[in-house]
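The entries below record what I found.

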Amino acid sequence: GINAEYGLTFPRQTSLVTFCLLLLMAMFKPYTCVGDYLVPFAMLPIWLHLFRFLNHFYLVAVATVVLTLLWPVLWYLWVHCLNANSNFYFAITLAFVLFQSFLLSDLLFAQMRREYARKNGTEKKIIDGKDSVVTLN
């Protein structure tokens, strides 16, 4: 399954595989709550060295903050004020899961880009001796 694929792709990155599995379990839980994401979010500072390889970090960070602030507001409107229905709350959870899947795929791709940069370097010479720079976009 998924555990074998991550383990084969990142054999020496057991903490990254653990993070991926914890985030996947939180994402695919039927009715997720904020507590399901506490451990994966607490593990994010482990990979500060990967943040420079992330493509969509600001989009995911802003969306996570906005959706985290909207989550209790819509729950309050649904349960206490009876002004909203469960579809608003469910839409917030779906959007939250969507952006967490962006985070997961971006972090895995950043790890692969970092391994490529460590193996091949980021600076290469062209045949005629001129310097060229490999950008990791």
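I looked up the handedness first: the crossing of α2 and α5 is left-handed, a term that applies if the near helix is turned anticlockwise from the far one by less than a right angle. Helices here are DSSP runs (H or I, at least four residues), numbered from the N terminus.

The model is predicted, with local features needing pLDDT of at least 70, side-chain atom pairs counting only at pLDDT 80 or more, and totals for chains, interfaces and linings using all residues. Residues are numbered from 1 along each chain as its sequence is written, and side-chain values use heavy atoms, without hydrogens and water.

I then checked the axes (lines fitted to C-alpha atoms over the stretch in contact, with angles from 0 to 180 degrees between N-to-C directions). Those of α2 and α5 come within 10 Å and cross at roughly 165°. The pair is therefore roughly antiparallel (over 145 degrees).

I listed the contact (heavy atoms within 4.5 Å). Helix α2 contributes Leu16, Phe19, Cys20, Leu23, Leu24 and Met27, and α5 contributes residues including Leu104, Leu107, Leu108 and Gln111.

Lastly I looked up glutamine 111, which lies in α5 (residues 86-120). Glutamine 111 counts as buried because its relative accessibility is 1% (buried: under 20% relative accessible area, 1.4 Å probe, protein chains only). Beyond four places in sequence, glutamine 111 touches Phe10, Gln13, Leu16 and Leu50.

Note on methods. Helices (H or I, at least four residues) and strands (E, at least two) are DSSP runs, numbered from the N terminus. Buried means under 20% relative accessible area, exposed over 50%, partly exposed in between (1.4 Å probe, protein chains only). Angles under 35 degrees count as roughly parallel, over 145 as roughly antiparallel, 65 to 115 as roughly perpendicular and the rest as oblique.
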